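Me: I have a model open and want to learn how to read it. Can we go through it feature by feature?

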Amino acid sequence: MEALCTNDFDYALPPDLIAQFPPPQRGQSRMMVLDRPRGGLSGCSFADLPRFLRRGDVLVVNDTRVLAARFFCRRASRGRIEGLFLHQSQPRQWQVLLKGAGRCRIGEVLVLENAEDISLTLQRNLGQGHWQVATSTSEAAGGILARAGTVPLPPYIRRDGRCDDQQDRLRYQTVYARRDGAVAAPTAGLHFTQELLAELAGMGVDVVRVTLHVGVGTFAPVKADRLADHQMHSEWYELSAPAAERLNAARAAGGRIVAVGTTSVRVLETIASANAAGGAGESSARQAAPCPLFVSGSGWTDIFIYPPAVFRAVDALITNFHLPRSTLLMLVAAFCSPGSTDGVGMIRQAYQQAVREKYRFFSYGDAMLIL
């Protein structure tokens, strides 16, 4: 089997196909359907999703909530610095990305704009713009950023001053988001409405929540020529015991596990891979053979899924159209043909058709269903 390189996941995309805004109404996106067994491609509306699911299937959604993670602060000299909250490592301690902080020094105090009663003290320079800072209050990051921050839209969304933060606070968030922690949206879930979820529930499709707090690394292109040389970013995840039980019951009854987004895939395959290796955390000491595929767990995952990966947990995938040379595109290509590199050709053909038919790409773009 010939080894793949990063260039195998590059493609040309006209800039006008990069969605700068969500559709006027949530759920009005188009959806391309890729039928893996037959190799067929077809198009429909995302509202047609119930046609492709059946009673007993489980839809796995990521319930992370995007923080208003982009903020501005001022030095004592009144110099302005742009920041991006990454995560809270412990009370009063944040990891942030600062732009324009090259002359800043450890111990310096920065005051947040729009929340001038709160300051950040620089504690450690972690390199490449990353800093550890101490907050002047014990208030949770979500509350501080709700006042001081704005929606951290991806770098490829460029609106020339036409930004509407209030609209993005609503639309760059899934309708089932509930756990603060992400700095980027699990974008495959942006298409769902409460009405569509109710329709699916009415036909016997279960909805199970997992959590993966999407990090800024999701936008990073793979720069290494060899995929094996890429250092994957880590993201925090959790799968609860009730969710694991429902997933195991569905699998035992012959239902399909349908992941909504690559983030849900990362959670499920992290759990399943660890369990298969006998390292499933808290449950490994008390399991009897045969052990279930899904067990509860939480932690940091840096799983990197690329062809010819084998999938243990996921049977179908709802996703968006991803950036060239990205780990997300590599995961999707692997899912198109598990255990081989044939999926690269399949996903390349699908993306070429999407360009011809003017699908909308990336975070606010259209959807793809892989069966």
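Reply: We will start with the whole chain and then turn to single residues. Keep in mind that this is a predicted model.

Me: How many helices and strands does the protein chain have?
Reply: The protein chain has 7 helices and 17 strands.

Me: What share of the residues is buried?
Reply: Buried means under 20% relative accessible area. By that cut-off, 54% of the 371 residues count as buried. The accessible surface comes to about 16,500 Å². Carbon and sulfur atoms hold 49% of that surface.

Me: Next, charge. How many positive and negative side chains are there?
Reply: There are 40 positive and 34 negative side chains. The centres of the two sets lie 3 Å apart.

Me: How many salt bridges does a search of the whole structure find?
Reply: The search finds 18. For each pair, ask where the partners sit and how exposed they are. Start with R70 and E82, whose closest N and O atoms are 2.9 Å apart. This pair links distant parts of the chain: R70 is in strand 5, residues 70-74, and E82 is in strand 6, residues 80-90. The two are 12 residues apart. R70 is partly exposed at 30% relative accessible area. E82 is also partly exposed, at 23%.

Me: And R266 with E235: are both buried or exposed?
Reply: Both R266 and E235 are buried. Their salt bridge has its closest N and O atoms 3.1 Å apart. The pair links helix 5, residues 262-276, which holds R266, to strand 13, residues 235-239, which holds E235. The partners are 31 residues apart in the chain.

Me: Which residue forms a salt bridge with R251?
Reply: The partner is D315, with the closest N and O atoms 3.3 Å apart. R251 lies in helix 4, residues 241-252, and D315 lies in the loop between strand 15 and strand 16. That pair is 64 residues apart. R251 has a relative accessible area of 27%, so it counts as partly exposed. D315 counts as partly exposed too, at 28%. Salt bridges can also share partners: R74, R80 and E113 are joined into one network this way.

Me: What about a charge without a bridge? How far from R171 is the nearest side chain of opposite charge?
Reply: That side chain is D168, and it is 8.0 Å away. R171 is buried yet has no salt bridge. A salt bridge needs the nitrogen within 4 Å of a carboxyl oxygen. R171 is in helix 2, residues 165-171. Look at its surroundings next. Beyond its neighbours within four places in sequence, R171 is in contact with residues including P22, P23, P24, L190 and Y364.

Me: Now the backbone. Which peptide bond is cis, with omega near 10°?
Reply: The bond from P307 to P308 is cis. P307 is in the loop between strand 15 and strand 16. P308 is found in that loop as well; it runs between strand 15 (297-301) and strand 16 (316-320). P307 is buried, with a relative accessible area of 4%. Leaving aside neighbours within four places, P307 is in contact with L4, F9 and M330, among others. P307 and V332 are 25 residues apart in sequence, and their C-alpha atoms are 9.0 Å apart.

Me: Is K358 buried or exposed?
Reply: K358 is exposed, with a relative accessible area of 54%. F362 also has a positive phi, about 75°, although it is not a glycine. F362 is found in the loop between helix 7 and strand 17. F362 is buried, at 6% relative accessible area.

Definitions and conventions. Residues numbered from 1 in each chain as written. Predicted model: local features only at pLDDT ≥ 70, side-chain atom pairs only at ≥ 80, totals over all residues. Heavy atoms only, no water. Helix = DSSP H or I, 4+ residues; strand = E, 2+ residues; numbered from the N terminus. Buried < 20%, exposed > 50% of the residue type's maximum accessible area, 1.4 Å probe, protein only. Areas by Shrake-Rupley, 256 points an atom, 1.4 Å probe, with all protein chains shown as cover. Lys, Arg positive; Asp, Glu negative; His and termini not counted. Charge placed at Lys NZ, Arg CZ, Asp CG, Glu CD. Contact = heavy atoms within 4.5 Å.
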